[in-house]
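This report goes through a structure step by step for someone who has not seen it before. Please look at the sequence and the model first.

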Amino acid sequence: DGGITQSPKYLFRKEGQNVTLSCEQNLNHDAMYWYRQDPGQGLRLIYYSQIVNDFQKGDIAEGYSVSREKKESFPLTVTSAQKNPTAFYLCASTSGDVSYEQYFGPGTRLTVT
Amino acid sequence: AQKVTQAQTEISVVEKEDVTLDCVYETRDTTYYLFWYKQPPSGELVFLIRRNSFDEQNEISGRYSWNFQKSTSSFNFTITASQVVDSAVYFCALSEHNSGNTPLVFGKGTRLSVIA
């Protein structure tokens, strides 16, 4: 089955540690995205990549980093510089064709204490 | 700048009632796309509908219907005869330009609770 995989579903880290969230898609989509969701805040764009080896900052990129070495993978690193990393993180992808629909992964809930 | 406003933070209805979720958007582009997504308690976003700015026809899909009005920059979503399984957070989103790779701008969501 085609889709987007995010692992793990729940992640716990100590403050000051970097942590990398995984996002893999087998939909052959060109573009991939990372959003952060906080209660009552909706989804906010962290980073996105429209093609391999290229990515752009979103609205809240500070404290995060990404890489796009392969078309199917777009990992997000939450660094110790991110002031409030506890949140629900959603990865998405789109083919860029006429469908325009973004497909979302199941999300990773990160808790930093 | 683009913006999506969902003024209703939470709505509670009794099962079988009709309910309308409001969405108002702002954009300078003449070409744009509007979306509705459903987020059940599991957390994954489920795509419901996409509408482009040149198509103002209302759409009906089963118990779901959407009313797109460019004159008021609104794209409202109505659930007819609501059911408990409709309980979720619903997001309206906007994508500018004519590229399918443009990121979406989301509203803050409306939490719908359908009570049996």
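## Basis

This is a predicted model, in which local features need pLDDT of at least 70 and side-chain atom pairs count only at pLDDT 80 or more, while totals for chains, interfaces and linings use all residues. Residues are numbered from 1 along each chain as its sequence is written, chains are lettered from A and ligands numbered from 1 in the order in which they are written, and side-chain values use heavy atoms, with hydrogens and water left out.

## Where chains A and B touch

Chain B gives 21 residues to the contact and chain A gives 26; contact means heavy atoms within 4.5 Å. About 1800 Å² is buried between the two chains, 55% of it from carbon and sulfur atoms. Buried area is the accessible area (1.4 Å probe) that two parts lose on being put together, summed over both.

There are zero salt bridges between chain B and chain A, a salt bridge being a side-chain nitrogen of Lys or Arg within 4 Å of a carboxyl oxygen of Asp or Glu. On the chain B side, strands E5 (32-39) and E6 (46-52) each supply at least two residues. Strands (E, at least two residues) are DSSP runs, numbered from the N terminus. E5(B) gives the largest share, four residues.

## Strand E9 of chain A

All eight residues of E9(A), 87-94, are buried, that is, under 20% relative accessible area (1.4 Å probe, protein chains only). One side holds Ala87(A), Tyr89(A), Cys91(A) and Ser93(A), and the other holds Phe88(A), Leu90(A), Ala92(A) and Thr94(A).

Strands pair if DSSP finds at least two bridges between them. E9(A) runs antiparallel to E4(A), residues 31-38, with seven bridges; in this pairing Ala31(A) is partnered with Thr94(A). Three bridges link E9(A) to E11(A), residues 108-112, also in the antiparallel sense, and Phe88(A) has Arg109(A) as its partner there.

## Lys14 of chain A

Lys14(A) lies in the loop between strands E2 (10-13) and E3 (19-25) of chain A. Its relative accessible area is 54%, so Lys14(A) is exposed, the cut-off being over 50%.

Lys14(A) and Val112(A) are 98 residues apart along the chain, with their C-alpha atoms separated by 5.4 Å. Apart from its neighbours within four places in sequence, Lys14(A) is in contact with Val112(A) and Thr113(A).
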